[in-house]
Structures are given as structure tokens and as C-alpha cells.
Amino acid sequence: MTIQVLVKLAAIDPWSFTVLDTLKRKFGCDEVTHVERVKCWELEFRPEAAERAAGITAGLLRDTVLLANPNRDRWVIRGFPGEGVPAGFWERSGDAAEAYIVKVTDKEDLAGQSLARILTSRLGISDIEVVSFSTIWVIEMKGEGRRSRDLAGEIAVARAWRKGFLANPHCQDAEVYPADEYFAAEVNRA
Amino acid sequence: MVRVDGTVADIQRALKEVGVDLAPDEARRIKSLIGRDPSVTELYIFDIMWSEHCSYKSSKPILQKHLPTEGSRVLIGPGEDAGVVRLGAAEGKSYVLVVAHESHNHPSQILPVEGAATGIGGIVRDVYCMGADVVGVMDALRFGDPDGPRAESVREVPAGVVRGIWEYGNALGVPNVGGDVFFDRGYAENCLVNVVAVGIAEEKEIIRSRVPQAAAGEAYDLILIGKPTDMSGLGGATMASKILDESEEGNLGAVQLHDPFLKRMLAEATKAVIADLRKSGIDIGFKDLGAGGISCAVSELVGAGGFGAELDLDSVHVAFDSIESYAIACSETQERYCLAVPSHASGKVLKIYNDDFELPHIYRGACASVIGRVTAKRDLVMTRAGEVVADLPVEIVNQGISYDRKSEPRPAPAGGDERPDAGDIRSACLSVLSLLSVCSKHYVYRHYDSEVKGMSVLKPGEADASVISIPGTCLGVATAVDGNPRYSRIDPYVGGALAVCESIRNIASVGAVPVALTDCLNFGNPEDPHVFHDFVETVRGIGDAARALWGYGTEEPVPIVSGNVSFYNESSSGSAIPPSPVVACYGVLDDYSVAVSVRLKQAGSDLFLIGKRKSGLGGSALMAAAGLDGRGRLPALDLTGERDAIHAVTEIIRSGHALACHDISEGGLFGALAEMVIGGWGMGEAGAEVDLRPDPGLTPEDMLFSECGGFVVETSRTSRGEVEEILNRFAVASEVIGKTVSDHVMTLKIGGETVAGIEGSEMREAWLSPVEKAIG
Amino acid sequence: MRPHICVIQFPGVNCEYETARALETAGLDASIVRWNAPAGSLSDYDGFILPGGFSYQDRVRAGAVAAGEDVMGVLIEQAALGKPIVGICNGAQVLVESGLVPGIGAQSIDLALAPNKGMGRDGYYANWVFVRVASEPRRSAITYGFKKGDVLPIPIAHGEGRFTSSEAGLFDTLEKSGQVILKYCTSDGGVAAGFPDDPNGSERSAAAISNPQGNVVAMMPHPERSTWLRQVPDGLDSVWSRKRTESRGSWDDLESGGPGAGIFESIKTHIEERV
């Protein structure tokens with residue numbers, strides 16, 4: 001089973017501002033109204049460790065700053081039946097009609113591998129098989145329907161000069177989802 | 001207005017209600033100074049200006065009494081953002097060195113990445129605002145024992161701190177020119193992150209942190225540049241002076257996100273602004289915003305020029321509209337500067353920042369705005385929505401307060417000349433080499449960019465000091481930072497003095513002459529008389545050493561031109577750090593081409609030992625490796641002997657006779673020899689064969705491991721006569737103790753008898769790998 | 001007349017000043033020009049350098065934001081004229097993210113400079129390495145002064161320097177067409193078998209890659225940090241290190257050309273021969 005920890009800054013994020021400013025001014029994406037960055041850790045537990053997963057994850061967040069630091073970040077833990085993103089962590093802004101997320105993961109996920117190594121070698125946690133790290137960009141747009149969906153897809157992958165932005169397909173994978181759907185969906189779908 | 005009336009408890013309640021940390025007595029004092037009840041904004045201003053961090057209320061009298069701060073090279077000593085000393089003239093220009101030194105300890109313990117990063121951010125601002133370009137930063141880091149209790153939380157701190165330093169420094173484009181890393185159980189709950197910034201400018205380019213006299217004759221505006229003011233770090237200065245309690249909610253605001261990108265853009269835009277104003281012959285005042293934010297920066301800027309200011313808080317660019325007046329006045333939002341310029345030039349200044357360099361697109365809400373004007377009346381007046389929220393005489397704001405703290409020696413430690421059991425010298429050698437505080441720090445400094453700006457001559461790790469050159473000239477600048485808590489734990493006076501000696505020795509080892517020192521003094525709670533006594537003794541030791549070790553070719557003390565005191569380095573559980581002076585030394589080379597690294601250069605050279613070996617293993621790496629840290633007797637301090645040895649080595653290197661040089665500090669004579677064989681970057685090829693003359697007063701351990709100062713110098717056999725002549729001239733105890741050999745092996749003998757023979761590769765492995773194993 | 005090079009100052013770069021000095025030392029004129037300068041003001045320059053640093057603090061991806069700037073549109077036109085355009089470190093990342101390198105399709109992005117791997121930790125790595133000139137001297141704007149097989153000690157300093165591509169066969173094509181200009185190697189020019197000789201796990205140990213014409217080059221090492229002999233550390237297994245050690249005491253020798261000076265001199269020759 002997978003436990004997902006979504007982390008965002010408890011302060012203004014300069015990175016999101018740069019992405020918004022670049023999309024609007026350099027890529028001509030006037031429809032984009034708001035950008036937010038969320039770090040996403042996914043801890044894949046061994047099936048037999050499913051019952052310990054909640055406790056281990058909570059322990060990591062309580063005792064270490066490996067996933068998030070309470071002095072800087074806010075987070076939600078997902079992966080249990082019925083869980084969604086609680087109100088307040090992310091809500092679509094009033095002026096946006098649509099919101100998509102672009103989830104970018106390095107093909108060589110060094111951040112994930114590095115955390116996995118620390119968990120096993122230093123902390124002696126053997127219940128987690130794989131750790132992966134992604135950056136989730138939440139893109140809010142004023143346009144509606146198909147055009148928004150296409151735009152999110154175009155922004156997601158850099159293919160040529162000024163065509164695409166958030167992931168370089170030669171070293172990163174990008175997934176695009178409607179934001180409401182993604183945050184409402186269960187992490188461990190059957 | 002806040003009512004300051006009634007009992008202590010009444011006042012306490014009133015102060016608590018508005019959220020300031022002032023003591024009731026201090027509030028009463030404010031009331032009597034201004035003759036009325038203070039406003040909330042005014043209370044916040046005093047809260048910060050009277051914090052330990054801003055007012056040095058505990059330390060100032062001691063520092064003034066003991067530290068030499070003047071000298072013929074000093075242009076600006078302690079008191080402004082950074083110290084300024086003359087380096088020398090070259091190619092028709094007179095160059096100055098601008099140096100600042102601070103701590104960022106508490107924030108780095110709470111948020112290691114952001115704390116260490118903003119530590120660099122703060123210190124470089126102090127140098128930029130004097131009109132200098134920052135050409136180097138150094139970090140002195142003190143962490144807990146990664147193998148001790150709470151190992152996991154202890155290890156997270158160095159990993160985060162190193163990341164913060166590289167993320168900020170590398171992006172800003174300021175080379176790392178050295179630093180040191182120490183691991184000691186005393187820092188398990190309170191890491192130390194001391195930061196040094198080094199700048200270079202032409203003498204005529206120096207800008208003062210004061211409104212120029214021209215403002216008496218024409219209207220001057222005050223322009224705020226940089227990030228929009230937010231709540232972050234509110235009360236940050238007070239925060240930095242409070243005992244650390246990790247559960248405290250108030251910590252949330254104490255640390256902010258680092259933004260080297262905005263900082264770099266501000267530096268470039270400011271360069272353009274200053275060049276433009278200078279071309280028009282316009283006088284300006286410039287200051288960075290640190291703790292205390294707008295109120296502190298503006299009151300110091302106008303106060304130093306004999307003026308006052310009227311600020312319209314509504315014209316300050318803010319992160320959100322509902323921000324309170326006291327927060328606008330006092331927030332320590334990062335990446336901001338304040339500039340005083342004639343009103344007629346304001347439009348041009350705003351255009352450069354806002355249009356040419358597009359600040360509003362660099363950071364959300366960042367820009368330059370006119371926030372007020374300079375007044376002849378010496379008051380600091382702030383208005384919001386047409387109402388006066390603060391109206392204080394500038395002099396009262398700036399004068400600070402001072403406390404006489406009680407000082408009481410600690411009970412004398414038991415035990416005398418304690419030593420480890422005499423054992424195998426060879427294994428002692430290897431355990432000393434792999435001690436975390438002795439071994440190579442390459443794992444750390446390979447994260448840092450030490451070559452940006454293209455000025456490097458000797459890089460971190462290659463020599464005892466880093467050397468950079470001023471492009472197009474022969475002038476070199478050497479930098480080093482030192483401080484060993486093991487000495488201070490046994491005797492804070494000697495610890496302070498040795499921090500100065502070691503930093504000057506490091507500078508001398510590359511052939512440079514010291515021109516200035518800065519210090520950062522890290523201690524526990526000054527209200528504890530024992531802690532305060534440690535502090536006083538340390539300062540006394542620093543002062544005595546700085547006076548005794550005058551620079552080569554002069555007879556004046558090496559001046560201490562800037563520095564910082566960091567108290568309250570203890571956690572709520574009561575564990576305090578050992579006395580931790582950190583001293584940085586800056587040296588000049590008239591011709592950098594003579595500078596040498598520690599690596600042995602060839603076979604067949606002489607190895608000179610300079611300085612007397614002494615008895616006493618206290619404070620040594622050998623004792624620490626044996627688990628006896630804090631015990632034993634320190635070798636006798638001899639400042640005159642230190643000075644003579646330093647001057648002799650300087651002369652040997654300047655006259656071109658040295659091939660390699662290393663000072664003797666941690667690990668003693670053995671440590672120095674071993675690192676010369678291994679090479680600073682682990683690329684040594686030549687070996688050493690050393691035979692020490694037996695001395696009835698010294699054990700083999702004293703000879704090899706006592707940390708009693710001195711140098712090892714490699715010189716060509718053909719120059720032996722000239723080197724001996726120099727050593728005689730300076731009347732320094734010295735002898736040729738051996739030679740370099742082509743096999744990469746170190747052989748140590750005493751009276752002809754071999755006590756240890758170690759392969760270079762074995763030493764290299766022991767020395768290169770421990771830090772990565774500990775914190776990687 | 002000395003060729004005039006434009007050093008583009010993107011927000012957040014930080015090697016522009018020493019790069020300009022290195023160009024001047026090599027006999028070129030250099031001007032540092034802000035990224036938002038009017039497009040028309042750029043066409044008079046004989047060549048362009050995108051210097052190292054952290055444009056936009058590497059937000060999103062190193063070089064990705066700067067690659068979208070208007071000035072890159074101008075450089076795409078100038079590149080087509082055959083003028084040399086050299087990106088150093090962050091500048092290389094900008095060239096790759098804008099598709100100018102390898103420049104095969106119409107500005108299609110065919111490469112990435114991905115995070116370093118193979119060093120046993122993540123993050124930034126700064127050290128001296130060796131690179132070998134892997135193509136014929138006249139194949140690229142930066143190699144006119146070298147011989148194929150020459151070995152240079154040179155510093156690197158980056159967190160994202162691993163040339164890689166998901167396009168099958170791309171590196172075969174690049175090698176065949178001589179677009180892999182510099183390769184990480186051992187001190188004697190041998191194949192770099194892994195860290196630290198190969199510092200970042202780059203495909204084919206590539207340290208510099210050009211467009212098909214060779215006038216646009218993306219290089220990760222820093223030639224402006226090895227332009228003067230004093231910058232070379234002592235102790236490397238290299239004739240340059242020994243020369244540096246022997247030059248102790250001679251300022252003139254220490255200020256003479258280091259291994260990286262030839263890169264800038266090559267740009268000068270390239271411009272002069274083209275005209």
C-alpha cells in the first residue's frame with residue numbers, strides 16, 4: 001500500500017510566483033490565474049506492513065524533518081480508505097474556473113532513493129519498499145473545458161522552444177489530472 | 001497607548017497583551033525617557049532595539065574594555081554594519097577590505113537549511129551596503145556528536161546546514177573561502193552557525209550607513225528596496241536572544257525562506273544605482289535591514305547623520321494589506337535595503353530598480369518605494385492612515401541599554417596533568433587523523449562553490465588559509481577562521497587567546513600579514529555568573545593575544561574591526577554550549593605569488609620545526625580521541641614565542657624559501673606532518689622521515705600531539721643557510737627535524753628510534769572518509 | 001579590430017564578470033548586457049556567451065525559465081547566422097532547455113541536463129576534473145586552438161550536469177556527427193569509468209555538446225575558472241599543476257594562460273576565420 005504525504009510551504013512560495021509570471025509573460029498563457037507548488041512523497045509499504053504504515057509515517061513526521069519541517073511546512077497524509085485532501089490545504093480560488101495538476105517526477109528519482117537509503121540504513125525501517133518524490137504544480141485557469149485541459153497538457157511537457165515548460169521529457173515524467181479529481185481520489189485505488 | 005502603571009504584575013500583563021518581551025522595569029524606563037505611555041509600535045521598537053542582539057546590553061562594557069579596535073589601517077571599526085581596513089595600493093587604486101561576522105545559531109537549529117542560508121543572506125547584506133563587492137564567505141560550524149545520544153536529530157542539522165549554505169552561497173555567486181567544522185557533544189541541542197563575509201572595494205567607493213550632511217541643505221527621501229514587508233521574523237532579534245525551546249509556537253515566525261535570487265538581483269541593481277548616482281556626484285546613505293527592520297535601519301541611518309525621519313507606513317510595500325503598524329515598523333523581512341537620496345534623484349532610482357531590473361517580476365510584491373523623508377528635527381515619526389503611531393527622539397531609540405552582569409569563576413577542575421594510557425603511537429596517530437574535528441572536511445566543502453568570481457589562488461582545503469587575488473594586481477587576501485572549544489572548556493582565557501593565535505598562524509602559513517580580526521562570541525545564558533565569567537575571560541584572552549601578536553612589520557595590535565556576541569545558546573533542558581569564541585583573521589599578501597599550500601612538494605627537502613614543543617595534552621585531539629576531552633593540562637601559553645614564530649615564518653615565505661607550510665594546531669606536530677604528506681586535497685606524493693631529539697621534560701605524546709603551536713615548513717636544502725639565518729634573526733626555537741622522501745610513507749623517530757611508520761595511503765583513508773560516514 | 005562578445009546577464013547568473021575578463025584576456029572585447037535589452041541592440045555583436053550561475057535560482061529546472069526569455073528568440077536568429085554562442089554551466093542548461101543544443105529539429109528539445117548521479121549523494125558538486133577534446137579542432141567554436149585528444153584540467157560546479165536523452169540513438173548520432181566536443185576522462189585522457197573521473201554520470205561522459213554546425217556549444221565545465229595559471233590547484237596529476245607549482249614567486253607566470261584560456265582563444269579564432 002502507498003502512503004502519500006503532500007507538503008506545501010506555510011509561506012509565500014517564490015517558485016510558484018516565477019512559474020506563474022513565466023507562463024503569463026513568456027508563454028502567453030493569459031488564462032492561468034494562479035500556481036501552487038506541492039511536494040509529494042509516496043511511501044510504498046510492504047503489504048504485510050500495512051497496519052504499521054500510519055504509525056511509521058506519523059513517526060517520521062514527528063521525529064524527523066526528512067519529509068517536512070513543522071516550522072516551515074504544512075502537510076496532509078493520504079492513503080487510507082476514504083481519505084481526501086482536507087479543506088484548507090487546497091481550494092480552487094474564486095476567479096478560477098478550472099484547475100489541473102501536473103505531477104512531475106524525475107526518471108532517476110534521486111530524492112526518493114536518497115530518502116529510502118536513510119530510512120533503511122540510518123533509521124532501520126525495513127517496512128518501506130520504495131520511496132518516490134514528485135513535484136505537483138497546481139495550475140488554476142479562468143478558461144473552461146477542453147481548452148483548459150489542452151493548455152495544461154501543453155504546459156506540462158517541454159517539447160520545443162516556448163512549447164511546454166514544467167517537465168523535460170528526457171529526464172522527467174509528467175502526469176496531468178483535473179485537480180479536484182486528483183485530490184479527491186483515493187491513493188490506493190483497487 | 002499601552003498603560004505602564006501599577007504593580008510589576010500589572011505592567012507584565014499589559015506587555016504580554018501586546019506581545020513584547022520587555023521586562024517591566026524596562027517599560028518603566030521607556031516611560032520616563034519619553035515622558036508618557038508608549039504606543040504599541042513604540043514598545044515593539046524598544047523591544048528590539050534593547051534586545052541583547054541589537055544593544056549588546058550584557059557584553060558592551062566588556063568588549064570596550066578589552067579589545068583593541070584601532071590601527072593605522074582601520075577606516076571603520078566596530079559600530080557600523082561592517083569593519084573596513086586598508087589593504088594596499090595597486091595599479092593606482094587604493095583597496096580596502098570590508099568584513100562582517102555574525103551568528104545565526106538559533107534559526108539554524110530550528111530550520112537548518114533556511115537558517116544557515118539566511119545567515120549568509122544577512123551577513124553579505126552588511127558588506128554590500130558599505131559599497132563593497134562580496135568576494136568570499138566563510139562558515140564556522142559547530143555540531144553535536146553524530147555518534148552520541150540523539151544521533152538522528154544531531155545528524156539532520158549538519159546535513160541541512162550544509163545544504164542551506166550551498167543553496168544560498170552558490171546561487172548568490174559568492175565563493176566560499178574557508179571555514180571550519182567541529183563536532184562536539186556540547187552542541188547536540190544548540191548548533192553554532194557563524195558566518196563571515198569578506199568584501200573588497202576601492203577606498204573611495206565606501207558608502208556610509210548615514211544620511212550625508214548634504215541633507216541639511218536639500219530635501220532627501222528615504223527609499224525602501226526589496227521584498228514586501230511581511231510578518232516573518234517579527235521579533236526575530238528578540239528571538240535570537242531567547243533560550244531555545246523547540247515546542248514554542250513563537251518559533252514559527254523566527255525563520256524565513258531564503259531568496260538568493262532576489263538578493264543577487266538587488267546587488268546588481270544597486271551596483272547600477274550607485275554607479276549612476278556617483279556619476280552625478282550625489283551623496284547618499286545606505287543601510288541594510290536586519291533585526292529591527294525599518295525602525296532600526298532608519299533610526300541608525302538618520303541618527304548617524306544627525307537627522308530625524310518622517311515615515312509614511314502606508315507607502316511601505318507590504319505583503320498583505322491588513323498588516324499592523326508595529327509589524328511594518330519592526331518586521332525583519334529579508335532582502336531589503338534603505339537608501340537616502342536627494343528627492344530629485346528618487347525617480348531615477350526607482351526606475352533602475354523597478355523597470356531596468358524588473359524587481360516586481362523577480363519576487364511577488366518586491367520593488368523600490370519612497371517611504372518617507374529626512375527631517376532636520378531629530379525625531380523618528382511614523383504615521384499610518386494619517387495618524388501618528390510612533391514619535392520618538394532618534395537619540396533615545398539608538399542609545400540602547402546596558403547591564404552589569406555578575407561574573408563568578410567556576411570551581412577549579414579536579415585532576416592535574418591527566419593523560420591517556422601510554423600505548424602504541426601508530427594507532428594513536430590513526431585515531432587522531434580520523435577524529436571528526438581533525439579529518440578532512442572535503443565532504444562538506446565539495447558542496448560549495450569556492451571558485452566563482454575567478455579570483456582564487458589557494459582554495460579551501462589546499463592550505464591553512466584561502467587566498468584570493470584582486471584581478472589584475474599582485475595583491476592577495478588570505479582568510480581563515482578558528483576556535484577550539486576543547487581549549488575553552490579547560491580555560492576560557494587560553495581558549496580565547498588561542499583562537500586569535502591559530503587564526504593568525506593560519507594566515508602566516510600562506511605568507512600573509514594579518515590586517516584585521518573579527519570575532520563571534522557564542523555562550524550560554526549571561527545571567528548565569530559562571531557563563532558570564534567564561535565570557536569575560538574569553539574576551540580578555542582575545543584582547544591580550546591581539547595586542548601581543550602585532551602584525552609582521554608593525555608594532556601595533558591586530559585590530560578587531562567587527563564582530564558579534566551570541567548569548568543564550570542553551571536549550572530549555574538546561575544544556576549549554578562550551579565557551580565558543582570564533583575568530584576570523586584577514587591577511588594581505590603584497591605579492592600573492594609566494595603563497596604556499598600544505599602539500600609536500602618534492603623529495604629531498606628539509607623539514608623545519610619552528611616553535612618549542614611543550615608538555616601538556618589538555619584540549620588536544622589525542623585526549624579527545626581517547627575520550628578524555630575536558631581533562632588534562634593545557635600547554636603553557638607564550639604569546640611572545642607565538643609572535644616570533646609567526647614573524648619568522650612570514651619572512652621565510654615572503655623571501656620565497658618555503659615550498660610548503662602548515663601550522664601546528666589540532667593533532668599537534670603529528671597532525672601537521674600527516675596533512676603535509678597526505679596533501680590538503682589528498683593528492684600528496686612525497687613522504688617524510690622525521691627524527692625528533694629526545695627531551696627529558698617531554699613524553700613522546702607531548703612531542704607528537706601536544707597542541708602548543710608552531711609550524712612545519714618544507715624548504716629546499718639549498719636554502720638551509722638563509723632559512724637558519726632568518727630563524728636566528730627572530731630568535732625562534734627551531735630545528736631541522738627531518739627530510740622529505742620519494743616514498744609516500746611517514747616515518748617518525750625519536751632519538752633515532754622508530755616510533756611509527758605509516759603508509760601515506762593508510763593515513764589518507766583514515767583522514768578522508770570520516771565526515772561522509774558521520775553525516776552523509 | 002577585436003571581436004566583440006555579448007555576455008548575457010540573465011537574472012541570477014553570477015559568472016558574468018570573470019567571463020568578460022577571461023574574454024578580454026584572450027583578446028576579445030566583452031560587454032555584459034541585461035537579459036531585457038531591446039532585441040535590436042544585440043545584432044551587432046560577433047558572438048554571445050551565456051555565463052554560469054543560477055538564472056531564476058534554477059526554479060522549475062536549471063535553465064528552464066531563462067530559456068523562455070525573448071532574448072533567446074534573438075539568439076536563435078543569431079545562431080542561424082553562424083555566430084558563436086557558448087553556454088557555460090547554467091548557460092549550457094539554458095541552451096539545452098531552448099533546444100539550441102543539440103539543435104537537430106526546429107528548436108525541438110532533444111536533451112536534458114539532469115541532476116548529477118553516481119556520487120553517492122545528491123546535490124551540488126564542485127571540484128576539478130579532466131576533459132578530453134573529443135572532436136576535430138575545427139568542429140566547434142571552442143576547440144580551434146586544441147588538438148583532438150588534448151586533456152585539460154578544468155573545474156566543474158553544478159548539481160544538474162548529466163547530459164541525457166530519452167530519444168533512442170541520439171547519442172550515437174551526436175558522436176557520429178562530432179557534436180560531442182568534450183568528454184570527462186582520467187588524468188591521462190583515458191575513459192572515465194565513474195565518479196569522480198566522471199563527476200555526474202553524463203551519457204558518453206559528455207562535458208560539452210554542440211549543434212550540428214558547431215557554432216553553438218553547451219559546456220558544463222568553467223573555462224573562466226582555469227583561464228589564469230594561478231587558478232589551477234597544485235597537486236593534480238597534470239603538467240598544468242606542475243607548471244603552477246614551479247611558478248611560485250613569479251606573478252607574471254601565475255597570471256599567464258591556464259588550460260581554459262584556449263577555449264576563449266578558440267572563440268576568437270573561430271570568429272576571425274569565419275569572417
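Helix axes are lines fitted to C-alpha atoms over the stretch in contact, and angles run from 0 to 180 degrees between N-to-C directions. The structure is a predicted model, in which local features need pLDDT of at least 70 and side-chain atom pairs count only at pLDDT 80 or more, while totals for chains, interfaces and linings use all residues. Residues are numbered from 1 along each chain as its sequence is written, and chains are lettered from A and ligands numbered from 1 in the order in which they are written.

**Helices of chain B**

In chain B, the axes of helix α20 (residues 529-548) and helix α22 (residues 639-654) come within 9 Å and cross at roughly 45°. Helices (H or I, at least four residues) and strands (E, at least two) are DSSP runs, numbered from the N terminus. Angles under 35 degrees count as roughly parallel, over 145 as roughly antiparallel, 65 to 115 as roughly perpendicular and the rest as oblique; α20(B) and α22(B) are therefore oblique to each other. From α20(B), the contact involves Asp544(B), Ala545(B) and Ala548(B), and from α22(B) it involves Leu639(B), Thr640(B) and Arg643(B). Two residues are in contact if their C-beta atoms, placed from the backbone, lie within 7 Å. The contact of α20(B) with α22(B) has 3 nonpolar, 1 polar and 2 charged residues. In this classification, Ala, Val, Leu, Ile, Met, Phe, Trp, Tyr, Cys and Pro count as nonpolar, Asp, Glu, Lys and Arg as charged, and the others, Gly among them, as polar.

Helix α3 (residues 40-49) of chain B has 9 of its 10 residues buried, so it is largely enclosed by the rest of the structure. A residue is buried if 20 or more other C-beta atoms lie within 10 Å of its own, exposed if 12 or fewer, and partly exposed in between, with C-beta atoms placed from the backbone. The buried residues of α3(B) include Leu43(B), Tyr44(B), Ile45(B) and Phe46(B), together with the charged Glu42(B) and Asp47(B).

**Interfaces**

Between chains B and C, 40 residues of chain B are in contact with 33 residues of chain C. On the chain B side, α8 (151-172), α10 (260-279) and β14 (456-458) each supply at least two residues, and the largest share, 5 residues, comes from α8(B). By class, this side has 16 nonpolar, 12 polar and 12 charged residues.

The contact between chains A and B takes 12 residues from chain A and 14 residues from chain B. Helix α1 (residues 14-25) of chain A gives the largest share of the chain A side, 3 residues. That side has 6 nonpolar, 3 polar and 3 charged residues.

**Chains A and C**

From the N terminus on, the elements of chain A run β-α-β-α-β-β-α-β-α-β-α. The radius of gyration is taken over C-alpha atoms, and the globule rule is 2.2 Å times the number of residues to the power 0.38. For the 190 residues of chain A, a compact globule would have a radius of gyration near 16 Å, and the 17 Å of chain A agrees. Chain C, with 17 Å, is close to the 19 Å that the rule gives for 275 residues, so it is as compact as a globular protein of that length.

| Property | Chain A | Chain C |
|---|---|---|
| Secondary structure | 5 helices and 6 strands | 7 helices and 11 strands |
| C-alpha extent along principal axes | roughly 50 × 35 × 35 Å | about 50 × 45 × 35 Å |
| Buried residues | 37% of 190 residues | 65% of 275 residues |
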